[in-house]
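Thanks for making time this morning. I would like to walk you through one model, starting with its pocket and then moving to the metal site and the charged pairs.

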Amino acid sequence: MSVLADLIASLDSGELKIVDLTQPLGPDTPVIGLPPIFASSPGVSMDVISRYDDKGPGWYWNTIRMGEHTGTHFDAPVHWITGKDFPDNRCDTIPVRRFVGPACVIDVTADVAKNEDFLLMPDHMTAWEKQHGPIPRGAWVLLRTGWSKRTDPAKFLNVKTDGPHSPGFHRSTSELLAKDRDVLGVGVETVGTDAGQAGTFDPPFPNHSTMHGNGKFGLASLCNLEQLPATGAVVIAAPLKIVDGSGSPLRVLAISPA
Ligand code: 23J
Ligand code: MN
């Protein structure tokens, strides 16, 4: 067990740090907009149950209501029709070992600055692997786009007359990562794990379709990815144990070299 004692000692000495990859969750949290023919997901609302008052003189607590896919959140395979029949495909049944894995951070900030509809291609991944080594099995692949710096919700969602515009994965890259590299899943800084225009792609939302169709996960609305090395960090992303849950807001933590 010396590895765990060493972990605590390294955190205490500052050799390792905990990086919070989570956005604040509250009524101002932006929510994905789908075409109006589809049902939409409610944002966060909160109501005070009591706050040291006649409803509860010694205690403060709130009621919260939101869609499962709100803010920094986890996508389980059952979220998508392609993943609906996998065993252990929902928030309460996924084996907890699968919430922890090494992080591979793909920095495409410069590409996204030039093209907000940038799609990560397989040749970009293989170039990354030439520099940093192969993506190990069971990794979290995190797409660093700089998108979390868009603190204005309108710029974060970036909806134009033809729909939202934001970066993501090309279908062939999702297939490479899910089938060949056998990742845990992918994480992004944008509101969803598909590109903004992915509703118009064939098939629609190819990253959701491919990841969940291979039993893999998604993490959306991450931040602070620039605080992580390309390799060498460990990510812990454990959703709430919602019975039959398709996803959940969560606190995503990375253990990283300082
Ligand atoms: C439902 C339909 C399309 C999308 C999404 C949900 C998400 O991004 C999500 O949060 O899973 S693109
Ligand atoms: Mn989601």
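Predicted model: local features only at pLDDT ≥ 70, side-chain atom pairs only at ≥ 80, totals over all residues.

Three elements, β4 (73–75), α4 (153–157) and β9 (163–164), each contribute at least two residues to the lining of the largest pocket, where helices (H or I, at least four residues) and strands (E, at least two) are DSSP runs, numbered from the N terminus. Residues are numbered from 1 along each chain as its sequence is written, chains are lettered from A and ligands numbered from 1 in the order in which they are written, and side-chain values use heavy atoms, with hydrogens and water left out.

The largest pocket holds about 760 Å³ of space, and of the 33 residues that line it, I32, G33, L34, P35 and F205 lie nearest its centre. A pocket here, on a 1 Å grid over the protein atoms alone, is an open set of points where a 1.4 Å probe fits, with protein on both sides within 12 Å along at least five of seven lines, and lining residues have an atom within 4 Å of a point. The volume is the space filled by probe spheres set on those points, which are joined across faces, edges and corners.

Turning to the metal, the manganese ion (ligand 2) is coordinated by H69 through ND1, H73 through NE2 and D75 through OD, at 2.0 to 2.2 Å, and these donors follow the spacing H-x3-H-x1-D along the chain. Donors are N, O and S atoms within 2.8 Å of the metal (3.2 Å for Na, K and Ca), and water is not among the atoms, so the site may look incomplete. H73 and D75 are both buried, meaning under 20% relative accessible area, with exposed being over 50% and partly exposed in between (1.4 Å probe, protein chains only).

Finally, the whole structure contains 12 salt bridges, each a side-chain nitrogen of Lys or Arg within 4 Å of a carboxyl oxygen of Asp or Glu. One of them joins R251 and D20 at 2.7 Å, N to O, and this pair links the loop between β14 (247–249) and β15 (252–257), which holds R251, to strand β1 (residues 16–20), which holds D20, across 231 residues. R251 is exposed at 57% relative accessible area, whereas D20 is partly exposed at 24%.
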